[in-house]
Structure formats: structure tokens, C-alpha cells
Amino acid sequence: MKQTIYQWSDISSEFGDNLIVGNGGSIAVASNRFSYSSLYDRAIQHGFINKKVQNVFEEFSKQYRDFEFVLSNLITADHVNECLSSGYNKRDNDVRKAYLDVRNSLIKTVRDLHPSTDETWSKVANIGHFVSRFKNIFYLNYDLLLYWATLSQKLKSTHSFSDGFNALISDDALDKHMLWEFSSNSLKGGERPLSKIWYPHGSLMLYKTKLGNYERKISLPTANELRQLETFWRDSETVPLFICEGSTSEKVRRIRKSKYLSRVLNMSLPSIEKSLVIYGWSLSEQDQHIVEQLQKASIRKIAISIHKGDKDQTQLQEEIDKVHKKLIVLNNRAEIFFFDAQSPGCWCH
């Protein structure tokens, strides 16, 4: 069945409730940075992972090379060693050294991968304007692009954004940084229109403490954010809270270990209503846990982006048919629209 690919401006008035953004959203901003198969592969290609670190991944995460999973296991093992061993010396301990090696590899990879604000600010400002129309924004990526986009709008003082991490805490060991915990009270809104931001797979800004007792967000200044993150990770015994690899079952297993991620998956996603816009998300098998929660939602209309590129009409129709089948599985009652991912006024364009 032939489907029309609309311009965003043709259908935008019908969509302002919920937005889901996948990796295609980051690629649209910086394709030279975010077009990669995995963070681990990127690290290997650029020489940020030495043989020792490769062996650690082989031992802990053979099938899915996920930094967060490996770091969590290593820091737990380090804590157990510390509790059980008298005269424990962190510096000379092999587990501790492995943790530091993996963490440093992650820092180097993110620093190399992630674009700066100067590189992306014009596109980020467009994103800020685009996302401010939505009540709920589910950002499946772990990068800082959406965070920067919200800052561009906050400077105008016409719109409010909240990810719920608005409860300021004090931590003497980390007094160089402002740290925040999640509080649902901050999601109630005020005088200005409010967009709620959710991170179903976590974010570079989120972290968990040594044994996962606390999940927090680091407050980043408007300049040198990436350098601040590097400093924080080096100075603290924490694990970044984001999931970037794995099958849907593996992702769910790790999501269940996080109070915040579990809340987003089990409460926030199923509760959305009315309209949904999907940008840069392919509804892949690795994200079936997201699809399954959306199946519980009361969605009446769905608009999904299509990247036309240099595809001919036959190729476009094949892609549309494939996506349409996935959307029918997601919701067979909703009205479905397709729109050009590069149309003016859409995302970063």
C-alpha cells in the first residue's frame, strides 16, 4: 500500500504530546561522530582499548560489549575484596586496576566520539525549538545533545524542561560538582509550559554510586561539559548509568537493577496518551522492551520519520512497508503518518 511522505509542517499541528528519539536523531546532528555500530567497536578502532581491557570484556561481557555492565561488575568485586581482605590495597589490586583501565577507556572513547557545543550549537538550537512542543520526550540516546537543546530554550525563558533530577544533594567526597537526585515533585510544572524528559536507557549525565545505592545526575556548566564529565568520572568511584549495547532481554535485565530506568520503562512509557512522534528510531529487535510498553499506551496517532537520502521510490516504499508492519504490531488502531526526516522545522533542520 503506497503511503505519502509528508513534510513536517503538513502534519505538525496534529502532534504535540509525545516524542521518542532514537540514534538517528544523533546521527542527523553529527553523522561523522554517531554513525557507529557500537561504543566498544569505536574504542577498538581508535586504539582506546588495550589487550588487558579486551580480556576483561571477554570475561565479563562476551556477547554484548557494554561498558556499564563491565564497570558495575568490577566495582562490586572491588568492594567485596575490600570488605573481606585485611590490609587491602586498592592500588595493587588487579580488580581495581581492571576497573580503572575500563573506565579510562570509556572516558577516552566518549571524548573522541562526542561533538562539542561549538560544533553543534546551531542544530541543537533547532532541536530545542522542536522538542519544546511536546509534553513528554523519551530520549533513547546517552549523549548530551538533548541536554544542550533544552539549555538553548531555557535561555529564552519561555519554556520549562524537567527530567526530574531536581533535588539538590550534598556529597562531601564530590564537593566539586552539583549533584541531583530524582524527585517526581519537580515534574508537576508551573507557570510556563513544561516538557518532561525521560532517559529509558540512561545518559552520560546520570551515574550510580559504588553499590548502586543512589542514582544521581551531575550538573554540568554551559561550557566544557565533556571535560567536567571526564573529571567527575576520574575523581569518583561511580559508574555511568547508561545502556548502549545488548539484546532486549539483556537491556531489560540491567534496567531492572535501576530504580530510575525501571520507572521510565514500567510507568512513564505505558502511560502516554493521544499522539506520538518517532524520530530516528527503527523499532529494532534490540528495543522490543520499549515497543512492548508502548503497546500498553493509549495512542491514537503516530508520526514516524523516514530518511529519504538518495533512495529511489522502490527503496522508499520497501522501507515504509517494513516500518508500517512494525507500527501495526505496536498499535493496530492508531492512524499512521510518515514524514521526511529532513523536512524544515523537524528536529535539527
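In this report Lys and Arg count as positive and Asp and Glu as negative, with His and the chain ends not counted. The place of a charge is taken as NZ of Lys, CZ of Arg, CG of Asp or CD of Glu. On that basis the chain carries 46 positive and 41 negative side chains, and the centres of the two sets are 2 Å apart.

The structure is a predicted model, in which local features need pLDDT of at least 70 and side-chain atom pairs count only at pLDDT 80 or more, while totals for chains, interfaces and linings use all residues. Residues are numbered from 1 along each chain as its sequence is written, and side-chain values use heavy atoms, with hydrogens and water left out.

**Overall form**

The chain contains 14 helices and 13 strands; these are DSSP runs numbered from the N terminus (helices H or I, at least four residues; strands E, at least two). Its radius of gyration, taken over C-alpha atoms, is 21 Å, close to the 20 Å that the globule rule gives for 349 residues, so the chain is as compact as a globular protein of that length. That rule is 2.2 Å times the number of residues to the power 0.38. The C-alpha trace spans about 70 × 45 × 40 Å along its principal axes.

Of the 349 residues, 52% are buried, where buried means under 20% relative accessible area, exposed over 50% and partly exposed in between (1.4 Å probe, protein chains only). Contact means heavy atoms within 4.5 Å; among contacts between residues at least 6 apart in sequence, 77% join residues at least 24 apart.

| H5 | 51–60 | Val53, Val56, Phe57 | 95° |

The arc is that of the directions from the helix axis to the C-beta atoms. In H5 the buried residues fall within an arc of 95° and so line one face of the helix. On the other side of H5, Lys51, Lys52 and Glu59 are exposed. The cover over the buried residues of H5 includes helix H4 (39–45), helix H6 (67–84) and H7.

**Ala98 in helix H7**

Ala98 belongs to helix H7 (residues 94–113) and is buried, with a relative accessible area of 12%. Leaving aside neighbours within four places in sequence, Ala98 is in contact with Val56 and Leu74. Ala98 and Leu74 are 24 residues apart in sequence and 7.4 Å apart in space, C-alpha to C-alpha.
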